[in-house]
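Colleague: I have a model open on my screen and I'd like to learn how to read it. Could you walk me through a few features?

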Amino acid sequence: MHEKERHRVILSAVQEKPVVTVPELVELTGSSEATIRRDVAALHVQKRLRRVRGGAEAINPPQFVGLAGRPFSVNEGLHAREKQAIAREAVALCKDGEPIIINGGTTTFQMVHFLANRRMQVFTNSFPIAEHLLKHSKNTVMLSGGTIYREQNIILSPFDNDVTRNFYARRMFMGAQGLGPLGLMEADPLLIQAEQKLIDQADELVVLVDSSKFHKRSSLILCGLKRIATVITDSGIEDRHASMLESAGVNLVIANARPTIDAENASTSA
């Protein structure tokens, strides 16, 4: 990640939380601790943030605290080809007329291109997924209620009396912060709370993760491996991770990236 992009991510992060630590910024940018400390020092001198012990804070602290994790705009460009291939395989599992849930995320967002010529009932908590399907498909779209978190482009509600409990889905498609022996991991308690409600409404849980997610960990576990029906990932998955899924009874689908095929054109064959 180039310096200009790192600075944008850092400044965005400090507007989302009262204080952002150096380790959190390392995770967000994929940079070294030394690089992050230099960036924070430079932005402090420019009076664009305030350097504090172990991290940074905004000059004008946010009134509304956002979610932990990388912004949607940053994640969108990471492993793009793999995400497109994974999304293609996910839509291949769907049948017209089926009700499905698509959780917000940059991998699940790629499903919209392959859903263009489908006729499905789609429930989502993602504003960009809903907007794209409304503009470019004939699918029926239902949105969850709650607050829109701008950085992640996701709609979340901490309350039980939202429309989530009234929607049944054949499958739920979602990504994750990480995937390991203990199950799916996420970075924010509010995400965990909202996603657990969605999982309860689906017969099957299908997880869309590129192979890098098997090396990432978080302090929060969303659900165990036994709750997952299928994992779709790319050919970069290691044998030990494939064996882990097999031992847990999880169906594994390997998506092969097709560098010359555009998602929009591929939608006709999805």
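Colleague: At what angle do the axes of helix 1 and helix 2 cross?

Modeller: A quick word on the source: this is a predicted model, where local features need pLDDT of at least 70, side-chain atom pairs count only at pLDDT 80 or more, and totals for chains, interfaces and linings use all residues. Residues are numbered from 1 along each chain as its sequence is written, and side-chain values use heavy atoms, with hydrogens and water left out. Helices (H or I, at least four residues) and strands (E, at least two) are DSSP runs, numbered from the N terminus. Axes are lines fitted to C-alpha atoms, for helices over the stretch in contact, and angles run from 0 to 180 degrees between N-to-C directions. Here, helix 1 (residues 3–16) and helix 2 (residues 22–29) cross at roughly 130°, their axes coming within 10 Å.

Colleague: Why is helix 1 called oblique to helix 2?

Modeller: Angles under 35 degrees count as roughly parallel, over 145 as roughly antiparallel, 65 to 115 as roughly perpendicular and the rest as oblique. The crossing is at roughly 130°, which makes helix 1 oblique to helix 2.

Colleague: Which residues make that contact?

Modeller: Contact means heavy atoms within 4.5 Å. Helix 1 brings R6, V9, I10 and A13, and helix 2 brings L25, L28 and T29.

Colleague: And how do helix 2 and helix 3 pack?

Modeller: Helix 3 covers residues 33–45, and its axis is 9 Å from that of helix 2, at an angle of about 105°. That makes the two roughly perpendicular. On the helix 2 side you'll find V22, L25, V26 and T29, meeting E33, I36, R37 and V40 of helix 3.

Colleague: Now sheets. In what order do the strands of the open sheet of three come?

Modeller: Strands of a sheet pair through backbone hydrogen bonds, either parallel or antiparallel. Two strands pair if DSSP finds at least two bridges between them. In this open sheet the order is 10-11-13, with antiparallel pairing. Strand 10 is joined to strand 11 (residues 183–186) by three bridges, and G178 stands opposite M185.
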